[in-house]
Amino acid sequence: MKTTTLLNYAQDQWYEASSGLAEVQSAVSGDTIAVTGSEGLDFAAMLRHARNVGGPALRRMTFHQRAWMLKDLANAVMARKEELYELSYDTGATRNDGWIDIEGGAGTLFSFSSKGRRELPNGRVLVDGAMEPLSKGGTFVGQHVYTPLQGVAVHINAFNFPVWGMLEKLGPTLLAGVPAIVKPASATGYLAEAAFRIMIEAGVLPPGALQLVMGGVGDLFDHLTLQDVVSFTGSAQTAMKLQSHPVIARESVRFIAERDSLNASILGPDAAPGTPEFDLFVKEVAREMTVKAGQKCTAIRRAMAPAEHLDALQAALTERLGKARIGDPREEGVTMGALASRSQLVGVRAAVAELAKSARIVAGDPEAPPVAGNGAFMAPVLLRTDDPWNTPAVHDVEAFGPVSTIMPYRDLDDAIALANRGMGSLALSLFTFEPAVAEAFVLGSGAYHGRMMILDRTSAKESTGHGSPLPVLVHGGPGRAGGGEEMGGVRGVTHYMQRTALQGSPAVLSSVVGQWLPGAPKVEGEVHPFRKRISELDIGYTLKTASRAVTLEDIEHFAHFTGDTFYAHMDEEAAKASPIFEGRVAHGYLILSFAAGLFVEPSPGPVLANTGLENLRFQTPLYPGDSMRVELTVKTKSVRDEEKGEVRWAVYVFNQKDEVVATYDLLTMNRP
Ligand code: NAP
């Protein structure tokens, strides 16, 4: 069997360790397939290279340019995915498991790419929330912004998802504009190295953006600074060790920890045998035990059911687990592969032995011989305790394999308390068709869990499952789970940026953040803004329209034409009697329509379509006889492609007394 020497990637060069190489075995055959190590790397130089070369290059790019780069990386991985699947089998993963890791990883990059282009500006500063007025006259205001950290993201990954684990961290990091040094887990590093190599060979990353460490991290932590982030996934033990490094405390280095978790799944009190929710629960617990041979940080470790249904649950689960076909994942029909390594097998067996001191094994034999070769195979093991409050191990010991414990609860409060006894988890699922049960659980348990999936017959078919972290949702959990947060869409990007509260004049802050802020200068010109392409429109460019009168006839015409004969527009007495109006008022929608009539330039041109309104507020009623005028100001602009882009306009409608009648953001699709 060919043994591959895995290479590090430092300062834009591939580098073979000078000595101290460790052997890595196939999880399936037990044969040595790779040697790996990082001795001889100059970690301080790697950090300097990332800070001095990678960071500045990434920060010169806009969010959108970085988002397109992520898309290119994801496409590169997808184009060569079969090479990765081939290696993935040796990690013990079936094709399905590999799909989660490889295509799920690429999908995460695609998701961050698309979020980046849709939700982030085509600029370099990310505005956080609305402007805060800080003065009476409006000349001194506040605005929160995010800018990229100027250091390095050090990613330390677990062995179970070598590709996804790497890409789910790289997506938000690169999108933020921060270079990364990736350190995969040794046991499955050969798959991470191959995926990393594909990304480097795609040729889309600026120099210094990515580096790879295929072994120990030497003195790297000694050189970290306040601008760096350590993003760690793995065991609580390693996390605590790394987190207590003196430099982490001294420099306040950000440390994101994704640790282990005794995730719970609860069969609702209403979900008796025979209900769809009972069947869904059985299916999900069995699936979580067998997918990836149970080596998922989010897998269900504790399955809870009303005491009277525990026997039925045990019977149904045992039957379902019996259907798993364990073996060489390359073989047709195999549904469950091996653990990632022999040492992992030893660890899981030891954890089961610990659990079995107080709970009893009711299905599966942890000591059964391997089903093929010298691989790290293990059948699913189901344990049971009937006294969960006096069986602490089931809430404390994580067997990172196909292992789960079923346990009874007395009532809803007991179930909530048991779920929380895990002392902080990544994911909880609840199977109920009773909204009141769901509400009680969320209120009683939300504070202990990073993600909660409430499943019933209506959502099951399209559900993404208990164990799947999603790029658009936060992944991470409190307490034992590490207290970290990853992904969650744009939230994940901000983990690699610094939030700063800016204070100053609206004019200065506008130019800093690249968007018009209330109070900043409005610049008028000869040309109607609808006659300008995005490239010709300046932020703050403003159209001030003529004014028009709004009559009672207008209001009545609009009411009958649209059918909106709401009392406030049609009934003088009733309108007067309301605490809000002094008499009949113009419809808000009439004001919007008249506003469009005032600011629109009708002939075909750079403005292609109106795509929406946001943040609409009607502030002052408009009475018959009043008049109105509009100010339309370019707030932000963003080119999407060669054909189109989006302009966000700040719209202010005033009455004849210059009081603000309505404000909103108008969105248009424009030619670039
Ligand atoms: P681990 O032993 O803690 O290793 C995790 C990573 O830390 C590996 O890359 C490992 O490298 C590295 N590492 C170990 N000691 C180090 C040190 N002194 N300095 C720098 N790096 C060091 O965990 P694991 O066994 O790989 O992963 C399984 C655990 O991870 C389970 O408990 C699981 O629950 C948890 N996990 C959590 C999540 C989550 O998102 N919360 C996801 C997956 C897994 P080497 O491999 O080279 O030692």
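In strand β17, S404 is the residue that stands opposite L382. This is a predicted model, in which local features need pLDDT of at least 70 and side-chain atom pairs count only at pLDDT 80 or more, while totals for chains, interfaces and linings use all residues. Residues are numbered from 1 along each chain as its sequence is written, and side-chain values use heavy atoms, with hydrogens and water left out.

**Strand pairing around β16**

- Strand β16 (residues 381-384) pairs with strand β17 (residues 403-409) in the parallel sense over four bridges, and L383 stands opposite T405 of β17; two strands count as paired if DSSP finds at least two bridges between them.
- β15 and β16 run antiparallel and are joined by three bridges, with R384 of β16 as the bridge partner of R360.
- In general, the strands of a sheet pair through backbone hydrogen bonds, either parallel or antiparallel.
- β16 is covered on both of its faces, since V381 and L383 on one side and L382 and R384 on the other are all buried, where buried means under 20% relative accessible area, exposed over 50% and partly exposed in between, with a 1.4 Å probe and protein chains only.
- In a regular strand the side chains alternate between the two faces of the sheet.

**The sheet as a whole**

- Seven strands form an open sheet with mixed pairing, in the order β15-β16-β17-β14-β13-β18-β19.
- The edge strands, each of which pairs on one side only, are β15 (360-363) and β19 (449-455).
- From one strand to the next the twist averages 25 degrees, angles being taken from 0 to 180 degrees between N-to-C directions, with axes as lines fitted to C-alpha atoms, for helices over the stretch in contact.

**Helices on the sheet**

- Helix α11 (residues 342-355) lies across β15, β16 and β17, and runs at about 25 degrees to β17.
- Helix α14 (residues 435-445) also packs on the sheet, where it touches β13 (264-267), β18 (425-431) and β19, and its direction makes about 175 degrees with that of β19.

**Helix pair α9 and α10**

- Helix α9 (residues 276-290) packs against helix α10 (residues 310-321) at an angle of about 50 degrees, with their axes 10 Å apart, and the two are therefore oblique to each other.
- The contact (heavy atoms within 4.5 Å) is made by F278, F281, V282, K283, V285, A286, M289 and T290 of α9 together with A312, L313, A316, L317, R320 and L321 of α10.
- These contact residues of α9 and α10 divide into eleven nonpolar, one polar and two charged.

**Helix pair α17 and α20**

- Helix α17 (residues 552-562) and helix α20 (residues 588-599) pack at an angle of about 105 degrees, with their axes 10 Å apart, which makes α17 roughly perpendicular to α20.
- D554, I555 and F558 of α17 meet Y589, L590, S593 and F594 of α20 in this contact, and the residues divide into five nonpolar, one polar and one charged.

**The chain overall**

- The protein chain has 20 helices and 29 strands, defined as DSSP runs numbered from the N terminus, with H or I over at least four residues for helices and E over at least two for strands.
- The C-alpha trace spans about 90 × 60 × 45 Å along its principal axes, and 56% of the 672 residues of the protein chain count as buried.

Definitions and conventions. Parallel < 35°, antiparallel > 145°, perpendicular 65-115°, else oblique. Nonpolar A, V, L, I, M, F, W, Y, C, P; charged D, E, K, R; others polar.
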